[in-house]
Amino acid sequence: MDGLHTIFSNPSPFRGGSLDQRSQVNARLKSCATLEIGVQAWLEVPLVDPDERALRKAKIVAVSGGAEAAVIDRLRARVLHLTQAAGHKRIAVVSPDAGNGKSVVACNLAISLSQRPNMDVALIDVDLRRPSIREVLALPAGPDLLAPLFEGASVRDQLVRVGSS
């Protein structure tokens with residue numbers, strides 16, 4: 001196993017509320033980021049099948065492969081080379097502004113990585129202001145990342161499986 005690769009989309013710290021609330025939320029975010037889940041528990045996570053037409057519309061090209069996905073495959077190769085050389089297992093996709101395509105890049109990269117043998121991938125949308133990963137992947141609406149932070153919900157209740165990885 002190459003291990004778990006976690007791809008964060010817009011991993012910025014929570015800045016709302018009081019100083020005490022911010023420190024509590026940021027501490028919970030760090031603990032969520034290190035969630036480890038066993039094979040049996042992972043198999044119990046609901047499996048969803050995104051609509052391929054919606055994925056194409058959102059420019060998620062890594063699913064179909066071919067010439068369109070070549071640029072993502074090159075990005076995947078470069079990212080794997082750099083992360084493995086440095087011993088990293090987490091990747092953050094960030095941008096200075098909204099609307100620059102970080103969710104599309106993160107989704108494509110996560111799908112491309114998950115297609116490699118023995119590669120487990122978790123894609124986590126930590127954009128607390130405008131989460132969009134579920135929308136980009138055409139997934140059903142679900143609880144947001146703040147539920148375990150403020151409402152005491154389980155992080156595992158936030159998970160969905162897309163495909164086998």
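Is V104 buried, exposed or partly exposed? V104 is partly exposed, as its relative accessible area is 25%; here buried means under 20% relative accessible area, exposed means over 50%, and partly exposed lies in between (1.4 Å probe, protein chains only).

Welcome to this predicted model, in which local features need pLDDT of at least 70, side-chain atom pairs count only at pLDDT 80 or more, and totals for chains, interfaces and linings use all residues. Residues are numbered from 1 along each chain as its sequence is written, and side-chain values use heavy atoms, with hydrogens and water left out.

**The overall layout**

- The protein has seven helices and five strands, where helices (H or I, at least four residues) and strands (E, at least two) are DSSP runs numbered from the N terminus.
- Along the sequence, these elements follow the pattern β-α-α-β-α-α-β-α-β-α-α-β.
- The protein has 165 residues, and 33% of them count as buried.
- Among contacts with a separation of 6 or more, 75% are between residues 24 or more positions apart; a contact means heavy atoms within 4.5 Å.

**Helix 5 and its neighbour**

- Helix 5 has 13 residues and spans 18 Å from its first C-alpha to its last, close to the 18 Å expected at 1.5 Å a residue; the expected span is 1.5 Å times one less than the number of residues.
- This helix is mostly covered, with 10 of its 13 residues buried, including K102, S103, C107 and I111.
- Helix 4 (residues 70-86) and helix 5 (residues 102-114) have axes that come within 9 Å and cross at roughly 75 degrees; the axes are lines fitted to C-alpha atoms, for helices over the stretch in contact, and angles run from 0 to 180 degrees between N-to-C directions.
- The two helices are therefore roughly perpendicular, a label for angles of 65 to 115 degrees, while under 35 is roughly parallel, over 145 roughly antiparallel and the rest oblique.
- Helix 4 brings I72, D73, L75, R76, V79 and L80 to this contact, and helix 5 brings V105, N108, L109, S112 and L113.

**The nonpolar cores**

- The largest nonpolar core has 13 residues, and I60, C107, I111 and L137 have the most contacts inside it; such a core is a set of buried Ala, Val, Leu, Ile, Met, Phe, Trp, Tyr and Cys residues joined through side-chain atoms within 4.5 Å.
- Helix 5 and helix 6 (133-136) each supply at least two residues of this core.
- Leaving aside residues up to four places away in sequence, C107 touches I60, L123, I133, V136 and L137.
- A second, separate core of eight residues includes L80, I91, A110 and M119.

**Residues to look up**

- V104 sits in helix 5 and touches A58, K59, I60 and V136, not counting residues up to four places away in sequence.
- The C-alpha atoms of V104 and I60 are separated by 6.6 Å, although these residues are 44 residues apart along the chain.
- K59 lies in the loop between helix 3 (52-57) and helix 4, is exposed at 60% relative accessible area, and has a positive phi near 70 degrees without being a glycine.
- A138, in the loop between helix 6 and helix 7 (146-150), is partly exposed at 29% and has a positive phi of about 55 degrees, although it is not a glycine.
- L128, in the loop between strand 4 (120-125) and helix 6, counts as buried at 19% relative accessibility.
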